[in-house]
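Biologist: Could you take me through this structure slowly, one piece at a time? I am new to this.

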Amino acid sequence: MSDVNADDWVSAGHRPMRFPEFVIVIASIMALNPLAMDMMLPALPNIGAAFQIPVANHLQLVLSTFLIGFGAGQFVMGPLSDRFGRRPVLLGGMAVYAVASVLAVAAPSFETLLLARALQGLGTAATRVIATSIVRDCYVGRRMASVMSLAMMVFIAVPVIAPSFGQAVLLVTAWRGIFVVLMLYGLLALAWCVLRLPETLPESERRSLAPADVLSAFRQTVTNRQTIGYATAAGSVIGALFAYVFCAQQVFTDIYHLGHYFPLAFAAIAAGTAIAGFLNARLVGRLGMRVISHGALTLYTVVSVVMLLTESLGMLPLSLFMVLSALMMFSFGMMVANFTALAMEPQGHIAGTASSLYGSITTLIGIVAGMAIGQSFDGTLLPFTVGFFLSTLAALAIVLVVEKGRLFRPHHRPTA
């Protein structure tokens, strides 16, 4: 972006919204997902007490069932949006999210709450897939990566403040009040999209829902080396992030005994991702997606090694854990937008379906890895640090295969 005039690259596809509003709307609808995830963290002990859940690790299901709905839902959202357009699928998903929030408020049992969480995840599957597809409809290449980074810089602030926001809600009401807040935010975002967000997929570019056509689009996505490679690599690094989120409340309260100060520590660490989103948005136009994301993956690998070694030696105090976790979040933030843009770049003609499959692959890989690590929590950080190292090593190996052993290769500048 630094080498062109902003007016020359801003798309007309999202009119009547100007560029700043477009970025904020995309960020706002994407933020439904992390808000629903991270506001719940301080409420897990309260939920456990309310439903008399005896095993602390089982409370991680409040997070993982949400992600299962999110991952599974993405399989259908893209093909639907490629057929019917972005707006109707997006608005329908946001309506499901609001209804699920009402169900969670009234849930009489832990099982009903988990059902509501799965439905919330299903609703946010639409927001994430459609947000990525809309950006891909309007931008390509480094321009897409830059727009995604700007959106992520806004919405990534959510994990920083969400646990503290959840804790604040708990000070004035019960844990069900968190779902009331989620419902109100979802309705506000829905109203904004109804009034301002245009349809970005022209009628002439819509695709059939015939099974043969959908399977053909899936095949084009999974057989593209760049798309499937960066999707599986992203899934691997997301697995470590999910494991961190699943275990965070237990780590900070059971191991480091922070009690109600846990949201502050979580926020301080998550700030690294917001900083990364800002820097990536400024640098990606100059350096390219590969240079930045490969450098971040290298840092991610180094952090995982240091964390594993220090925990194995019994030398991982809170201060060092927070520094390493902040570096983990920073490097993740420098990877995620660029991995997404690299995976989506060859799929402009089937952006919705490709975005669906990309989101499903990354989320489901992340859930499997994250749950395996999270459920092995034993009161120490060793299971997490081992899982973090192995998932990072897998991501590095995949990227090396995709790039045929050549990391940091500059990406071509877009011509459109």
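Modeller: Gladly, and please keep in mind that this is a predicted model. Let us begin with valine 129, which counts as buried because its relative accessibility is 1%, and buried means under 20% relative accessible area.

Biologist: Where is valine 129 placed?

Modeller: Valine 129 sits in helix α7, which covers residues 110-138.

Biologist: And how far is valine 129 from arginine 83, in sequence and in space?

Modeller: Along the sequence the two are 46 residues apart, while in space their C-alpha atoms are 14 Å apart.

Biologist: What about threonine 301, buried or exposed?

Modeller: Threonine 301 is buried, because its relative accessible area is 13% and the limit for buried is under 20%. Its place is in helix α14, residues 289-312, and, if residues up to four places away in sequence are not counted, threonine 301 touches Thr392 and Leu396.

Biologist: Switching to helices, at what angle do α5 and α6 pack?

Modeller: Helix α5 (residues 61-84) and helix α6 (residues 86-106) pack at an angle of about 135 degrees, and their axes are 7 Å apart. The two helices are therefore oblique to each other, since angles over 145 would be needed for roughly antiparallel.

Biologist: Which residues make that contact?

Modeller: From α5 the contact uses Met77, Leu80, Ser81, Asp82 and Phe84, and from α6 it uses Arg86, Pro88 and Val89. Sorted by kind, the residues of this contact are 5 nonpolar, 1 polar and 2 charged.

Biologist: How many residues are in the largest nonpolar core?

Modeller: That core has 129 residues, and those with the most contacts inside it are Ile47, Tyr244, Phe252, Phe321 and Phe384. Helix α12 (residues 225-255) supplies the largest share of this core, with 17 residues.

Biologist: What does tyrosine 244 contact?

Modeller: Leaving aside neighbours within four places in sequence, tyrosine 244 is in contact with Phe252, Phe266, Ile269, Phe321, Ser325, Met328, Met329 and Phe384.

Biologist: Last topic, which domains does the assignment give?

Modeller: The domain assignment gives domain 1, residues 16-209, and domain 2, residues 210-408.

Biologist: How far apart are the C-alpha centres of domain 1 and domain 2, and how many residues of each are in contact?

Modeller: The C-alpha centres of domain 1 and domain 2 lie 19 Å apart, and 50 residues of domain 1 are in contact with 58 residues of domain 2.

Notes
Residues are numbered from 1 along each chain as its sequence is written. This is a predicted model: local features need pLDDT of at least 70, side-chain atom pairs count only at pLDDT 80 or more; totals for chains, interfaces and linings use all residues. Side-chain values use heavy atoms; hydrogens and water are left out. Axes are lines fitted to C-alpha atoms, for helices over the stretch in contact, and angles run from 0 to 180 degrees between N-to-C directions. Helices (H or I, at least four residues) and strands (E, at least two) are DSSP runs, numbered from the N terminus. Angles under 35 degrees count as roughly parallel, over 145 as roughly antiparallel, 65 to 115 as roughly perpendicular and the rest as oblique. Contact means heavy atoms within 4.5 Å. Ala, Val, Leu, Ile, Met, Phe, Trp, Tyr, Cys and Pro count as nonpolar, Asp, Glu, Lys and Arg as charged, and the others, Gly among them, as polar. A nonpolar core is a set of buried Ala, Val, Leu, Ile, Met, Phe, Trp, Tyr and Cys residues joined through side-chain atoms within 4.5 Å. Buried means under 20% relative accessible area, exposed over 50%, partly exposed in between (1.4 Å probe, protein chains only). Domain bounds come from an automatic or database domain assignment.
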